[in-house]
Amino acid sequence: MYACICFAVSESELDDVIADGARTEEEVGDACAAGTGCGNCLERICGKLRAVDPLHGLEVGAAA
């Protein structure tokens, strides 16, 4: 199954990119181009990133 149809990136390829250390959408895009086309796969990418980093996508406020 494809995670990113625009660039024919499979779920397993996306998993490999994340396992190799990608921790942001930009890093995933740099590694395999997923998420850099139409954007429909970004939520899937973010979900996989949150699975390895539960704080992914959360803004951390400045310490008072």
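In which hand does α1 cross α3? In this predicted model, for which local features need pLDDT of at least 70, side-chain atom pairs count only at pLDDT 80 or more, and totals for chains, interfaces and linings use all residues, the crossing of α1 past α3 is right-handed. Residues are numbered from 1 along each chain as its sequence is written, and side-chain values use heavy atoms, with hydrogens and water left out.

The chain contains 3 helices and 2 strands, where helices (H or I, at least four residues) and strands (E, at least two) are DSSP runs numbered from the N terminus. Their order from the N terminus is β-β-α-α-α. The C-alpha trace spans about 45 × 25 × 20 Å along its principal axes. Of the 64 residues, 28% are buried (under 20% relative accessible area; exposed is over 50% and partly exposed in between, with a 1.4 Å probe and protein chains only). Among contacts (heavy atoms within 4.5 Å) between residues at least 6 apart in sequence, 46% join residues at least 24 apart.

Helix α1 (residues 11-19) packs on helix α3 (residues 42-52) at an angle of about 45°, and the axes are 11 Å apart. Axes are lines fitted to C-alpha atoms, for helices over the stretch in contact, and angles run from 0 to 180 degrees between N-to-C directions. The two helices are therefore oblique to each other (under 35 degrees is roughly parallel, over 145 roughly antiparallel, 65 to 115 roughly perpendicular and the rest oblique). A crossing is right-handed if the near helix is turned clockwise from the far one by less than a right angle, and left-handed if anticlockwise. On α1 the contact involves E11, L14, D15 and I18, and on α3 R44, I45, K48, L49 and V52. By class, this contact has 5 nonpolar, no polar and 4 charged residues.

The count of disulfides is 0, a disulfide being a pair of cysteine sulfur atoms within 2.5 Å. For C6, the closest cysteine sulfur is that of C38 at 3.7 Å, too far for a bond. C41 is likewise in no disulfide, and the nearest cysteine sulfur, in C4, is 3.9 Å away. C6 is partly exposed, at 43% relative accessibility, whereas C41 is buried at 9%.

C32 lies in helix α2 (residues 25-32) and is buried, at 12% relative accessibility. Leaving aside neighbours within four places in sequence, C32 contacts F7, V9, E13 and V17. C32 and D20 are 12 residues apart in sequence, and their C-alpha atoms are 12 Å apart.

Notes
Nonpolar A, V, L, I, M, F, W, Y, C, P; charged D, E, K, R; others polar.
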